[in-house]
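Mentor: Take a look at the picture before we talk.

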Amino acid sequence: MFFMTEKLDPKSADDILKKYDKESDTMVYKGIMAKIVSAIAITFSIFQLYTATFGVLDAQLQRAVHLGFGLALVYLLYPTRKSWSRYKVHPFDVLLAILGAATPAYIVIEYQHLVLRSGTVSGLDLAVGIVGILLVIEATRRIVGLPMVCVVLAFLAYAFAGPYMPGVLAHRGLTLEQLVGHLYFTTEGIFGIPLGVSSTFIFLFILFGAYLESTGLGKFFIDLANAIAGWASGGPAKVAVLSSGLMGTVSGSSVANVVGTGSLTIPMMKKLGYHKDFAGAVEAAASTGGQLMPPVMGAAAFLMAEFVGVPYIDIVKAAIVPAFLYFAGIWLGVHFEAKRGNLKGIPRSELPKISNILRERGHLALPLIIIVYLLVAGYTPMRAALVAIVLSILCSALRKATRMKPIEIVRGLDRGARNVLSVLVACASAGIIIGVVTKTGVGLKLASGLLDLSGGLLLPTMFFTMITAIVLGMGVPTTANYVITSTIAAPALVQMGVPVLCAHMFVFYFGIIADVTPPVALAAFAGSGIAGGNPLRTGINASKLAIAAFIIPYMFVLSPVLLMIEGTAFDLFLTTLTALIGMVALSSALIGYLADNCSTLERIVLIAGGLMMIKPGFMTDIAGFILFVVILFLQLKRRKKMAAA
């Protein structure tokens, strides 16, 4: 069968994943060391499941144990230097792993004494705190990357350099004892909200995703997407969009999603006739949107629920229409490219039947359906995820072909703990930034500076916020990006009257889209690695396909009805419909084809019409729709005339 034979060599896919995804480039142990690392990871998962079942510990205790396990695993799995052997542990890394477990353990052991002398830091406290902060920073360098370390160090430097800062940024400065006490021995720094969310909701959802992958859900999604769209014009590209969107419900990593689904879909697209730079771009744009796809979005979405102070289901509900518009934009892009190049789909005889797929493996999707029901029914995300984990194992057992063996269940615990490490460390390092912000008040100062820079106008403020989020997203993961921008940029939008959820969703979107925005577009680079294309051209094509993500955030700030927080159902329907037609106009203009090849003038008119329909407002919608219809009519007339000739 065509859809099963064009898969990239697994070894090549793994090499590409390690090249562009730091968290995948781990040590490869054998023998006793492999068993020790697995035992730590499995114990970590068991601790998380136990506390989720029987009740979490006090906030600082829960987060300290979570961080201790995480640091120990990071130092054992990610060597100090890339040049060191990936198969033999270095004594220095073992020492750091022990310290990584010991420094948070100090909080657990001395918890009562620390509470009693709250605000007073002893000499031993200071030493432990300094070591703990340095260990978090070094773990960040290993698994997240140097750009995030630079951001953290800049905030730490600001904490001490306050008296020497100019103008509004000046503050009285902090002593070493004050800073360490605040960052390491309170719940305002490293052990703050981000690590708290990581130690509860995020871990369980990542473990849930690990078990869903073990059941073969990814292959189910790809086969289902083939059956639904593989036969259409440009079928494999539409399969990439659909399967990546479905995989996005359980995967929070753009690069991992690109490699996971792209190793199958990109070779299919190339064989059909898509250029390699476009094939890689399709997968990159679609996979990046996975973090925007309800019900299980990226880790930052759980942080947003805590920061905004709303139930997670409200975040899911708000993300539905924007996610639909985002994937519709990519779908339209690949459709017009297929029409322009006269690219056919895969013969139906070579595709699986939907009925067969649903009968054989449809039960694998039940946990996803049930987790949505539980969230809507009012269950906490932690309880819903816990139930879903159990159901994923039970549902896989409904058929012999998908049933997980006991050893696979144990390996799921191991894999889940490893998968959470990058998020865990990003949350811990982001806690350092939040700690400095809360202690110095720099967040409000930066927000005020942003307002002054934009002259107090909303659109310039949104533009500068977008640039900040995209630039940060080129060097730091979405989770950390969201924490930083929600702390220093989102308040500026809120001060201008933008609803809190709209402001936070705005920075969330642009932090994610950085993965396909050149010059540093990791998802696009991974896609080009699989396709054998040019990374920069792939990134540019991916940005064109993901154009919706650059426009939609402006839409829901100007018209919050798209996030279902204002307006009536009819308002939502009308706004979504006009935005969708606007996406048709924009996508056709960027590709250069609507009903026929577009001239330069036609492309300009379509862009103008598309933007008018996307911008909320009755008059702009009417004007944009007229421009769109005029171009469509002219192209249909021209096409009919050419066919007659």
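Trainee: What makes the sulfur of Cys 427 too far from that of Cys 150 for a bond?

Mentor: First, a word on the model: it is predicted, so local features need pLDDT of at least 70 and side-chain atom pairs count only at pLDDT 80 or more, while totals for chains, interfaces and linings use all residues. Residues are numbered from 1 along each chain as its sequence is written, and side-chain values use heavy atoms, leaving out hydrogens and water. Now your cysteines. A disulfide takes a pair of cysteine sulfur atoms within 2.5 Å. The closest cysteine sulfur to that of Cys 150 is the one in Cys 427, and at 20 Å that's too far for a bond. Cys 427 is in no disulfide either, and the count comes to zero.

Trainee: Why is Asn 342 called exposed?

Mentor: Its relative accessibility is 55%, so it counts as exposed. Asn 342 lies in the loop between α16 (312-341) and α17 (354-361). Its phi is near 55°, a positive value in a residue other than glycine.

Trainee: What makes Asp 223 and Arg 361 a salt bridge?

Mentor: The rule asks for a side-chain nitrogen of Lys or Arg within 4 Å of a carboxyl oxygen of Asp or Glu. Here the N to O distance is 2.9 Å, and the pair qualifies. Asp 223 is in helix α11 (residues 217-229) and Arg 361 in helix α17, so the bridge ties together parts 138 residues apart in sequence. Helices are DSSP runs (H or I, at least four residues), numbered from the N terminus. Both partners are buried.

Trainee: How do you know that Glu 602 and Arg 638 form one too?

Mentor: Their closest N and O atoms are 2.9 Å apart. Glu 602 has 8% relative accessibility, so it counts as buried, whereas Arg 638, with 31%, is partly exposed. A search of the whole structure finds nine salt bridges.

Trainee: Which residues is Leu 545 in contact with, beyond its neighbours within four places in sequence?

Mentor: Contact means heavy atoms within 4.5 Å. Leu 545's partners are Phe 278, Ala 281, Val 282, Ala 285, Gly 329, Ile 330, Gly 333 and Val 334. Ile 330 is 215 residues away along the chain, with the C-alpha atoms separated by 5.1 Å. Leu 545 lies in helix α28 (residues 535-545). With a relative accessible area of 4%, Leu 545 is buried.

Conventions: Helices (H or I, at least four residues) and strands (E, at least two) are DSSP runs, numbered from the N terminus. Buried means under 20% relative accessible area, exposed over 50%, partly exposed in between (1.4 Å probe, protein chains only).
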